[in-house]
Amino acid sequence: MIFIVNWRVRWVPLLMLVFAGCASIPDDRGLSDVQTQITERGGAQLPALDSVNNPAESARLVTELLSHSPLTVDDAVRIALIANPKLRSEYAKLGLSGAEVYSAGRLSNPTLSASILFGGDGDKTTFGLAQSFTDLLLMPTRSRLAQAEFERAKVAMGGELIHFSAEVETAYYRLVGATQIARMRAAVAHATATSAALAQRFADAGTLRALTLAQSQIEAEQAQLDLLAAQGEVTTARTALNQLMGLSAARNEWTVAEQLPAPVAVEDDLPTLQTLAEHSRLDLDAARRQVALLEDALGVTRNTRLLGDGRGGDGQVGVETEREADGSSFTGPTLALQLPLFQQGQGNALRASAQLELSRAALASLQVEIGNAVQLAHSRVVNTRTTTLRYQKSVVPLRETIVKETQRDANYMLIGQFDLIRAKQQEYETYQKALEAARDYWLARVELARAVGSRLPSTTQVQAPVAAPISAPVPNAPADNHVHQH
Amino acid sequence: MVTRRDLIRLTGAGIAVPLLGAAMARAATPANWESAALSAGASGGYVPTRTLNGWTLPHRLVDGVKEFHLVAEEFEHEFAPGSVAKVWGYNGSTPGPTIEAVEGDRVRILVTNNLREWTSVHWHGLILPSGMDGVSGLSQPHIKPGETYAYEFTLEQHGSHMYHPHADEMVQLAQGMMGLFIIHPKAGDNVDRDYAILLHNWALHPGTSRPDPAVMQEFDLWTLNSKVFPAIDPIVAATGERVRIRIGNLSMWNHPMHLHGHEFLVTGSDGGRWPEAQWRREVTELVGVGQMRDIEFIAKPGDWAFHCHMSHHTMNAMGHALPNALGVDQSGVEQAMQAMLPGYMAMGANGMAEHSGHVAMGMLPGPDNTLPMSGGEGPFGALDMGGMFTVVKVRDGLAKNDYRDPGWYRNPPGTVAKRVSNDPHYGNPIRRNAVKAKPAAAPPKHTHDTPTK
């Protein structure tokens, strides 16, 4: 029955701990460690500590970043990390874990007791001073556990922030895509409006019937409705990003890139990514630490189960002095112990055991999820990449050929204007699909990076976007001014 | 006013009437030109037929038999600069070379088949033994690829005839296989110039380079001797010469062939030269599918259009489902179009005349290997024709064998239509009181972007 850990040997280090100003956490609550982990995984620069809870400094940083025109995806992430309260709440959680480190590393305070009993023959006073010795016994382990929990919390925070950055990037790419789509719908609306206007002119001249005119006009109306819907999507995507960046509605003036880069030259291969995920996923690391922590805690719980269930007071040692009414005094040590008669801490042990099992199951589940998520995300990247390149290399050029050849037919009066406009309209639709494919590719890459838990190695190959081959018409732009008179 | 009839009465047969000076706008007509009597000329001699843009097949005499050799084959052919196609024909040309012989000749025609399917040759309108008639499967076995067959028969008639395949006929005709077979009368002939033309049609769809044999009515190119204007040779003659044009039709449509400036006589067909009582005076003669017609006239000086009178047969390919742009005001909308399609030009509001000008300027490129629907320049500006159109060019004093293009006619002073005013309200023309359409306005001004190539 080992109910007291070999406390004799532990006195010296305990005393040292007591008097040497025990466990503490860094001043920045470990924020620099979090930054290191994030940086190792290619993540964004967190704001400096002095701005985390400093509104003026945050505002200054954000204003400086918002002056970039357009915002890059990295700019958006940095703004979000500064201005979105997310970082502040994560930082607060660090404080919560840190608090445990403090409490666990310090002895609980001793208890002073005093009583005075009035009696006929005089007063009896009693003074006592007691200190929890289970505390003394358990302080090292509690300290160790709290420190481990703090480390886990830091790792978990890093994971949360990386995850949050991925959300910002996703919102950014969605907005770029929505804007491009709206531009293409405007081009289609221009084409159908021109066709309807032309049809009206033919109808005015008496060479086009009311039925054909109405069919032409309804296409134009539909295109306008599609444009409205697309513009609505832009507003939604914009607001989502604005919100993630932690900006108020009034600051919604920033712009994003108009073009996305081309797919990288060589995508990362799956085995490399799976290995990378094993090392990089911070939430996986945190889950492993949680298991280790609970294993340690289970051991401690088992070893100390006879110290009671935590209810009804722990063991105390102390000293008491009693002065009798007649002036005599008695002084001596005191000891209070819970006797493990009715319960021997089975409840605690089972609870600890169950918590460990839970955490092990969660870890296993996470491992399965990560492996599958990486595989799925990788295949989506490959798929969207192939689609994007196909659009660029063959579908878009074919559409352009079709428009060019159709124009030639129109030049020779082999087909009419309405067929020509239709060919151009189909070109715009194809352009839109090409833009959607590129957006989907970049969204897939964000998802893959999130699944891997780190910036993708192939990110170093990303090149600046080239100018779009697509120029949507600028309605009301003056045509070339070479006027030819017959 | 002295009429031609007066002249004939006055002068009698055989005496040419001298020119009476500038007051007579046209040269006198030889007195006996309407007579059916054929002058002996150089006995048995004839003016060789001139196949526009084509040639006559030489023969060799083998034991008194005129031996010709036709080769059926595929080759490239130019309809006009800008349109070349792989076609089928004979001896490297479509139509194939003209076979010329004289009534009474015994002819042997070797036919070598270089096509990749069987063929045969039918001698259209000829009187010959049943087995020489050239209907494969009926008259003879098919001439398989690589084989050479010999047709041999004696010519028992004279007249204008044709030859063409009678195996997979629809396809082989559509690809260009046909030719002329001219048999001169034994007694000689009495024309000074003898021209021969085969009418045809081709489904050479825009942007392609091989005719489509499955088309029955909507053809793209209508040709005289497989050429379209302005690539068709002119019909050249000297003033006062008697000119014969033999017109054969192996196309899928009938063609009313019209000659300007002359009244001609239709004097024969592939049934031979008609008796005079059958001759008809026409200015337009309908040549049906499978028919030949001989027309004869005395050439008058000038440049005279000769063409099929179906107006769309004097045009090359054009769309038929076009929205009708007549009267359509595109001002304002044109810019919106150009914002999307920089090469666009609004045209057709006042007709199609402005279109070919723009095409000629290179501002409107068309599909590959496709001719614009009309073109060609005359001495006074754009001629704007295509298809079955050529010019009969008659000049004073041309030498007998001079078939060269003499350039454009120089009109005697006072004989050209001239402008008397450019005021739209000039004069006082009498009109019915109908609802008037908008008066003639200035042609639309529109902007041109740099032409797309």
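1. Leaving aside neighbours within four places in sequence, S251(B) is in contact (heavy atoms within 4.5 Å) with L199(B), H200(B), N201(B) and V289(B). The model is predicted: local features need pLDDT of at least 70, side-chain atom pairs count only at pLDDT 80 or more, and totals for chains, interfaces and linings use all residues. Residues are numbered from 1 along each chain as its sequence is written, chains are lettered from A and ligands numbered from 1 in the order in which they are written, and side-chain values use heavy atoms, with hydrogens and water left out.

2. Where does S251(B) sit in chain B? S251(B) is in the loop between β14 (242-249) and β15 (255-259). Helices (H or I, at least four residues) and strands (E, at least two) are DSSP runs, numbered from the N terminus.

3. Is S251(B) buried or exposed? S251(B) counts as buried because its relative accessibility is 2%. Buried means under 20% relative accessible area, exposed over 50%, partly exposed in between (1.4 Å probe, protein chains only).

4. The side chain of S251(B) has two polar partners to check. A polar contact of 2.6 Å joins it to the side chain of N249(B). The backbone oxygen of W253(B) lies 2.9 Å from a polar atom of the S251(B) side chain. A polar contact is a pair of N or O atoms within 3.5 Å; within protein, one must be able to donate a hydrogen and the other to accept it, and residues adjacent in sequence count only if both atoms are side-chain atoms.

5. Chain B has 4 helices and 25 strands. Of its 453 residues, 50% count as buried. Among contacts in chain B with a separation of 6 or more, 74% are between residues 24 or more positions apart.

6. Now the cores. The largest nonpolar core has 80 residues, and L241(A), M245(A) and W254(A) have the most contacts inside it. α7(A) gives the most to this core, with 17 residues. A second, separate core of 35 residues includes Y195(B), A203(B), A237(B) and F297(B). A nonpolar core is a set of buried Ala, Val, Leu, Ile, Met, Phe, Trp, Tyr and Cys residues joined through side-chain atoms within 4.5 Å.

7. M245(A) deserves a look. Not counting residues up to four places away in sequence, M245(A) touches L71(A), A76(A), I79(A), A80(A), A83(A), N84(A) and W254(A).
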